[in-house]
Amino acid sequence: MLNRVKELSEIERKVLLVLSDELISFENCSKLSLLPIDSVRRASAWLSEKDFAIMKESTEEKFVLTDLGNKALLEGLPESIFLSALSKLGGRASFSDLQKASKLSSQEFTAALGINKRKAFIVIVNGVIEETGVANDQPNSCENILQNVVDGKEIEDGLLLDLQKRGLVEKKLVTSRLIKISKNGGVAQKILSTSDIERTFDVSAPVPEIFAGKKTPYVQFLQQIRHKLVALGFEEVSAPLVVTEFYNFDVLFQPQNHPARTWTDSYQLLKPRVGSLPNKKIVSAIKSAHENGGVSKSKGWGYEWSESIASRAVPAMHGTAHSARQLVKGVKSPHKYFAIARCFRPDVLDATHLIEFNQMEGFVVGDDLNFKHLLGMLKDFAIEFAGAEKVKFFPDYYPFTEPSVQLSAKHPEMGWIEFAGAGMFRPEMLENLGIKGQAIAWGVGIDRLAMFKLGIKDIRYLFSEDIGYLRKASGVFLK
Amino acid sequence: MVMPKIDVSIKDLESLSGIKLSSREKIEELLEFVKGEVDVIDGDNLKIDCKDPNRPDFWSVEGVARELKAKTGKQKGIVKYKVQKSNIVLNVDKNLEKIRPLIVCAVIKDIKITENLLNQMIQLQEKLGESFGRKRKELAIGIYDLDIMKPPIFYKGFKDNEIEFIPLEWKVPMRPSEILIQHDKGKAYKHLLEGTKLYPIVLDSNNVVASMPPIINSQITGKVTSQTKNLFIEVTGQNFSTIETALEVMCMALADRGGKIYSCTVNYPSNKKPYPAKKIITPLFSTEKIVFSKKELLAKTGLELKDKEIIELLAKARFVPKISKDKIIAEYSSYRIDILHAVDVIEDLLISYGFNNIVPQKIEMNLVGSQSEEARYIDFVREGAIGLGLQEVQTYNLTSKEIQQKQMLLDEKEEFVEIANYVSLNYQIFRKKMTPQLLSFLSKNKSQEYPQRIFEIGTVLELDKSKDSGVNQRNVLCVAITHSNTNFTEIKSVLVQIAKYLGKEVSVTKQKFVFLGENSGEINLGGKKGFIGEVKEDVLKEFGLKKPVTIFEIEL
């Protein structure tokens, strides 16, 4: 028993010392022990768990404060604010001066004036408000009564009715918890009260929660993905949210009548409708790539390419738009580029779809790159990012790459996942933009991996609006 | 983009290809040859995701079987379809030149219409029109019972008051304009004939209407049943190669089922654009040749291949290849509209080889990677905010005018980067300020423990003609604090600490903002502007917030 008493915390001791065989409320206990009510609540729970106390619930109809009542208790009722403002002004003031000084709204001011007049706390003489001094002799100010309601003291029915009418209190079924000492508790109390026992902490006991400043788990995940790409030798390029279709589609050799470019498959902007195209030389190179293959040995798509379609501004639909911007700006060779891009597609937000999401995309430029390098790079990604045990390649289609590949990775816990898409940029693009050598383009679907790492089933948690989730979420660490 | 998904019977695929499909793994492996993916297997029904939009010949069980036979070495090179001549003539009128000028056609005789055939034929017709034909804009296919038509056939435009016929699944004759308003197919595709005074009509010598492309067939000739023996097929559109490809794809599928292909003569009004010739006999089943260097192939693939192997791999992809010294000459069917460049042939060779039979190779480049300065700076600011005990949040860039404008008590004339075809009013515009998004965030967390101290670093957009995208994008830091006693001093303390952390001078000058109360001001943080203050009571009410909120938002 002595050891058990030693382990009692400061608040448990204080509560235990005031308990008796009579059931008392937490509020009373708080007053007797001089502890805040939250501490009483916590200590009581612990004491009852340790079999030093017995808790009971009782439900009764009680008067409690409304929101308005709570506010009044904290800040004072308008009539009290009125009176104290008056007394600060020397006990006499004009209507306008007093209203200004009291900072009451005109509605509150009028109500306060009426009440104080009725109670004869003030009189109005020649349009000037004067205090009577009656108020000083009244111990039962409304605030006192409100405090009494909180404390559960007996109050005259008439007074209560008045407060109820003013919307300061309401009748509610209140479940209150009561506590008394147990048999073991009695023994412990005796030990505590007879000798000074130093506390030893129960190191396994729970402690109060604290909230720290934290990154969101998703941001933390993306940061580490960035670091991994940097370690693999990639340079980050910027990824603006709005681009012209020129970069989103045309540079990427996607014909202007391509179904992906229609109203239902992509967002169109009302404002702004258009942006501007880069210099004429580049625009005409892309135009001829589409129409007849340009300087490449391609046939091209054989249609009349329109500048006005290419100038339309759109929310970026895929990360490759930013690779297109880089290709137009000019590239170093050999070099590796990447972007973590926010992308937008017309979808309905639900547990598996986001209306905006992040794509990790990039490309590698070099003289002697070939298809085997493409597969090698994808495999490295699968191991680096998904800890893949096995990988499998599938033929795929992208308008801007040929050959094109999809990689599935066998994740140790998730099983087979579609992990990445890649391909070699088409000669129509590279040759017409004057880029020598080969370029391997790749994109990795990171949101599914993020969901796995974050341990969430609903994709909406990547942009969680629940501060409770964000506060409790564990940090993210990628091996 | 929605790529076609096709349903096939596994048994049907087995019998057409002669390949046993014993397991899901086996099916998955074989579908790689047609860039297909298993969507669902349900008993005998296999749903395939077709991933290549430029290979419509793979969009039927017959087409899949045809390619599998080649890739597994059972049948190589180009399939030689026997095309016999019919004496059927189709005359094209000049009055459709500006509306839907082109048509090609063919006849399939002695066909036994089974359930599998009928299902596949309708599915292929549908997928060709929807996906390859861009929702029938670029091509629409009509299939008819030849035996109730009287050639020659005519393709001609009629005014609304000149013609009426009973459309498919209808009982009474209708005028073209009525079909566009009342019939389901009319409603679905009426935009394709918008503003036209002449309606394209296919009809026979007895003036019996066969169809109104690209909308609907007639009930009389346009209904194919198990009793039908001979078919007339026409494809209309704008581009000759597109419609000819579709016609050949249809004919091949039916011929693979035992139908006999007969050609027809199409008489166009002239040999000038948009017409391919004055007179043309379709289907053409022509072939083309592409020439490229072996060096290019070997460099692109990274494989060491002997000539014999190259020939074998290309033949399995249905090319007829020849190699002379460094030159590869590959002959292929003209319906292979996906072949624009040698790389398209090279990919086919790699698919024949099998991607998973290739040993991946590491890229050896001695490069130093780097994050963008922008990303690094954002992370630097983030560290500072976290050190002050603030919880980071991430809200969407897309939001509503309700949040950005109305609840902030801002002028309705204010302009945003705005989406035309938004899916929901909640995501109609890009945020221009971060503050409303954080207030919205707080409004969703009223039942959570206070105090709440949050921040977000992110992008805000505004219209700007001087930028090449028409949009100015900036990064901002926004901090919001809410609890019963928060006030201007508390939020300013945070701002001052952030400024110190960033090593910048900060000053606040008194200024009013519509959404901020009396205690508010403009921030100057080392030349960057922002605002700080206690959020106005009316704004809190709009967001349903009960406790006071203090906030600052500053450009980075």
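Rings of Phe, Tyr and Trp (its six-membered ring) form a pair if their centres lie within 6.5 Å, and planes under 30 degrees apart count as stacked, over 60 as edge-to-face and the rest as tilted. Over all chains, the structure holds 29 aromatic pairs. This is a predicted model, in which local features need pLDDT of at least 70 and side-chain atom pairs count only at pLDDT 80 or more, while totals for chains, interfaces and linings use all residues. Residues are numbered from 1 along each chain as its sequence is written, chains are lettered from A and ligands numbered from 1 in the order in which they are written, and side-chain values use heavy atoms, with hydrogens and water left out.

**Aromatic rings**

- B:Y268 and B:Y275 form a tilted pair, with 5.2 Å centre to centre and 35° between the planes.
- Both B:Y268 and B:Y275 are buried (under 20% relative accessible area, with exposed over 50% and partly exposed in between; 1.4 Å probe, protein chains only).
- B:F515 and B:F531 form an edge-to-face pair, at 5.1 Å centre to centre and 70° between the planes.
- This pair links distant parts of the chain, 16 residues apart: B:F515 is in the loop between β23 (506-510) and β24 (516-525) of chain B, and B:F531 is in strand β25 (residues 528-535) of chain B. Helices (H or I, at least four residues) and strands (E, at least two) are DSSP runs, numbered from the N terminus.
- B:F515 and B:F531 are both buried.
- One aromatic cluster is formed by A:Y337, A:F363, A:Y398, A:F400 and A:F425.

**Charges over rings**

- A:R471 lies over the face of A:F211, 4.2 Å from the ring centre; the criterion is NZ of Lys or CZ of Arg within 6 Å of the ring centre and within 35 degrees of the ring normal.
- B:K109 lies over the face of B:Y262, at 4.4 Å from the ring centre.

**Residue B:D468**

- B:D468 lies in the loop between β21 (452-463) and β22 (471-482) of chain B.
- At 43% relative accessibility, B:D468 counts as partly exposed.
- Apart from neighbours within four places in sequence, B:D468 is in contact (heavy atoms within 4.5 Å) with A:T244, A:Y247, A:G275 and A:S276.
- B:D468 and B:I122 are 346 residues apart in sequence and 47 Å apart in space, C-alpha to C-alpha.

**Domains of chain A**

- The assignment, which is automatic or from a database, gives domain 1 (2-66 + 172-194), domain 2 (70-146) and domain 3 (217-243 + 263-269 + 316-472).
- The C-alpha centres of domain 1 and domain 2 of chain A lie 41 Å apart.
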